[in-house]
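Q: Please take a close look at one part of this model. Which helices pack together there, and what links them to the rest of the chain?

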Amino acid sequence: MRRHNALSVILIILVTIYLLIPLLACVIYSLFSKWTGVVPKGFTLSAYQELFSNTAFWSALGQTMLLCIAPIAITVTVVLLAMYVVVVYAPRLEKYVQIICMIPYTIQGVILSVSILSLYVGSKSVLSSRLVMLVGAYCIIILPYIYQGIRNSMRSINMKTLLEAAEMLGSSRIAAFFRVVVPNLMSGIIVSALLAVGIIFGDYVLIRNLSGSTVTNVQIFMYQAMKSDSMKSSAVFVMIMLVTFLIASFVLIGRNHASRHAAQAGSRKKG
């Protein structure tokens, strides 16, 4: 048994090293001016110094982070309400909801952006706004990941029993859903939201086609930097990875802290 566990640990370490090799290569390339041989030469922080002093980079980073909030909030709310109706009132419709939510897997970014532009660009309503079209497109792209995370979390809890227990205590179904069921789904919601953040941070096609020059995200900034300086583009990639890692860390730490606080409060009440 110990030998089996040791082999598992070694395998996990080897896979982790293999996955980190591209990131490590980008870090090295962003810190050295020459890497034509085995050992890189010319250590410098000029790429990061230029990046930190560039207001266009911080603007692109801020716009990307703001673009993550609205689509994730809208998609999570819509999926939660849809799953509430399906589970409580119409269980037979669940397979159809699943099919609808899985359709975006088959839609390429170019096809989606061209379809949206051809349908709404000539409209005189609010849907013709480039920002609205972009947010809507992101909602479609992240829908399968949000749905799958929430559905998997729902399968791990007895949702009907929780709702019935809350109703016996005098709560309405919709109030019981958001006060009792949703807190039990937070782990799945958080994981799905973090996956959606990675997808939106990595998007280039949709924002390029739909927003034009209206909105600039970090991928467009990195593409522009790549044309002039590959060392700077490597630094941009490292910063993108660092920011997404920090976002995930802060969210997970906050979630663990809230869970620990709730567990302590529950133990105090029992005492």
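Helix 6 and its partners

A: Helix 6 and helix 9 (residues 186-201) pack with their axes 8 Å apart, at an angle of about 155 degrees. Helices here are DSSP runs of H or I with at least four residues, strands are runs of E with at least two, and both are numbered from the N terminus. Axes are lines fitted to C-alpha atoms, for helices over the stretch in contact, and angles run from 0 to 180 degrees between N-to-C directions. The angle makes helix 6 roughly antiparallel to helix 9 (under 35 degrees counts as roughly parallel, over 145 as roughly antiparallel, 65 to 115 as roughly perpendicular and the rest as oblique).

This is a predicted model, in which local features need pLDDT of at least 70 and side-chain atom pairs count only at pLDDT 80 or more, while totals for chains, interfaces and linings use all residues. Residues are numbered from 1 along each chain as its sequence is written, and side-chain values use heavy atoms, with hydrogens and water left out.

On the side of helix 6, Tyr138, Ile141, Ile142, Tyr145, Ile146, Gly149, Ile150 and Ser153 take part in the contact with helix 9 (contact means heavy atoms within 4.5 Å). They meet Gly188, Ile189, Ser192, Ala193, Leu195, Ala196, Ile199 and Ile200 in helix 9. The residues of this contact divide into 12 nonpolar, four polar and no charged. In this count Ala, Val, Leu, Ile, Met, Phe, Trp, Tyr, Cys and Pro are nonpolar, Asp, Glu, Lys and Arg are charged, and the others, Gly among them, are polar.

Ser192, found in helix 9, touches Tyr145, Ile146, Gly149 and Ile150, not counting residues up to four places away in sequence. Ser192 has a relative accessible area of 3% and is therefore buried (buried means under 20% relative accessible area, exposed over 50%, partly exposed in between, with a 1.4 Å probe and protein chains only).

Helix 6 also packs with helix 4, at an angle of about 145 degrees and with the axes 8 Å apart. Glu94, Val97, Gln98, Ile100, Cys101 and Met102 of helix 4 make this contact with Leu143, Pro144, Tyr147, Gln148 and Arg151 of helix 6. The residues there divide into seven nonpolar, two polar and two charged.

Arg151 and Glu94 also meet through their side chains in a salt bridge, with 2.4 Å from N to O (a salt bridge is a side-chain nitrogen of Lys or Arg within 4 Å of a carboxyl oxygen of Asp or Glu). The pair links distant parts of the chain, 57 residues apart: Arg151 lies in helix 6 (residues 130-155) and Glu94 in helix 4 (residues 94-102). With a relative accessible area of 11%, Arg151 is buried.

By the same rule the count comes to two salt bridges. Glu50 pairs with Lys232, their closest N and O atoms being 3.6 Å apart. Glu50 sits in helix 2 (residues 46-52) and Lys232 in helix 12 (residues 230-270), 182 residues apart. Glu50 counts as partly exposed at 41% relative accessibility, whereas Lys232 counts as buried at 10%.

As for the setting, the protein comes to 12 helices and two strands. Of its 271 residues, 34% count as buried.
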